[in-house]
Amino acid sequence: MSLRGRPRAFDPDLALRSAMNLFWERGYEGATLTDLAAVMGINKPSLYAAFGSKEALFRQAVSLYDKAEGRGIELALHAEPRVRDAIAKFLQLNLASYTDPDKPSGCMIVLAAMIGSPENAGTRDYLAAQRAETRNVLRQRLERGVAEGELAEETDCNVIADFYTTVLQGLSIQARDGATREQLRAIAQAAMAGWESMTTEPATHSEA
């Protein structure tokens, strides 16, 4: 009697990373369950057993993406002592990630589900909330600049955060359309050229 070979061990971390890359490359609706199961090295029943559903798998993939691609960039934003340098570095690190030749281009959170069928509205809302969190992170860093006396109290942190969030999302779309890192860097530099028109430094008073 012949013995059957031992089945290949299932590594949920590697499987999730494979799913993340497929969602990143094809979007939520473009990544079919058949394709997901194939890149993860499991069958559909095992996918459901391990991750629950396609939407649940996607949310776990987004969480992994945030940890792998976004957490270090966010830490760098807070580590820079000057707020202007922090925003500039935030843009530069993101555009470098968007154009990494070893990864899908652009930002998964921006690109994976901007539009789609009505039944996937929950997924789109989920990603919209994730994008709003990026905007909040920028606003908080700007508010820190106000609190530390680097920016004037009347600085409109909401508008500036909205502006650079829009720039960031545009960089992602441009990267997916094939823009080079040098092209995106020029766009980011142009965006930073408008910094002085949106911010004011606190007035200083000399002693009499």
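The model is predicted, so to speak, with rules attached: local features need pLDDT of at least 70, side-chain atom pairs count only at pLDDT 80 or more, and totals for chains, interfaces and linings use all residues. Residues are numbered from 1 along each chain as its sequence is written, and side-chain values rest on heavy atoms, with hydrogens and water left out.

The pocket comes first here. Pockets were searched on a 1 Å grid over the protein atoms alone, a pocket being an open set of points where a 1.4 Å probe fits, with protein on both sides within 12 Å along at least five of seven lines. Grid points are joined across faces, edges and corners, and the volume is the space filled by probe spheres set on the points. On that basis the largest pocket holds about 420 Å³ of space. Its lining (residues with an atom within 4 Å of a point) takes in 21 residues, and those closest to the centre are Asp66, Gly70, Ile109, Gln130 and Thr134. Helices here are DSSP runs of H or I, at least four residues long, numbered from the N terminus. H4, H5 (83–98), H6 (108–111), H7 (121–147) and H8 (157–176) each put at least two residues into the lining, and H4 gives the largest share, six residues.

Next, the rings. Rings of Phe, Tyr and Trp (its six-membered ring) pair if their centres lie within 6.5 Å, and planes under 30 degrees apart are stacked, over 60 edge-to-face and the rest tilted. The count comes to six aromatic pairs. One of them, Trp24 with Tyr65, is edge-to-face, at 4.9 Å centre to centre and 85° between the planes. Trp24 sits in helix H1 (residues 12–26) and Tyr65 in H4, so this pair ties together parts 41 residues apart in sequence. Trp24 is buried at 1% relative accessible area, and Tyr65 is buried too, at 4% (buried is under 20%, exposed over 50%, partly exposed in between, with a 1.4 Å probe and protein chains only).

Tyr28 and Phe58 also meet edge-to-face, with centres 4.9 Å apart and planes at 70°. Tyr28 belongs to the loop between H1 and H2 (33–40) and Phe58 to H4, 30 residues apart; both are buried.

Lys54 lies over the face of Tyr28, 4.6 Å from the ring centre, while Arg59 has its charged end over Tyr126, 4.3 Å from the centre.

Finally, the single residues. Ala191, in helix H9 (residues 181–193), is buried at 7%. Leaving out residues up to four places away in sequence, Ala191 touches Phe163, Tyr164 and Val167 (contact means heavy atoms within 4.5 Å). The C-alpha atoms of Ala191 and Ala88 are 8.9 Å apart, across 103 residues of chain. Thr200, in the segment after H10 (195–198), is partly exposed at 39%. Ala79, in H4 (residues 54–79), is exposed at 60%.

How values were computed
A charge sits over a ring if NZ of Lys or CZ of Arg is within 6 Å of the ring centre and within 35 degrees of the ring normal.
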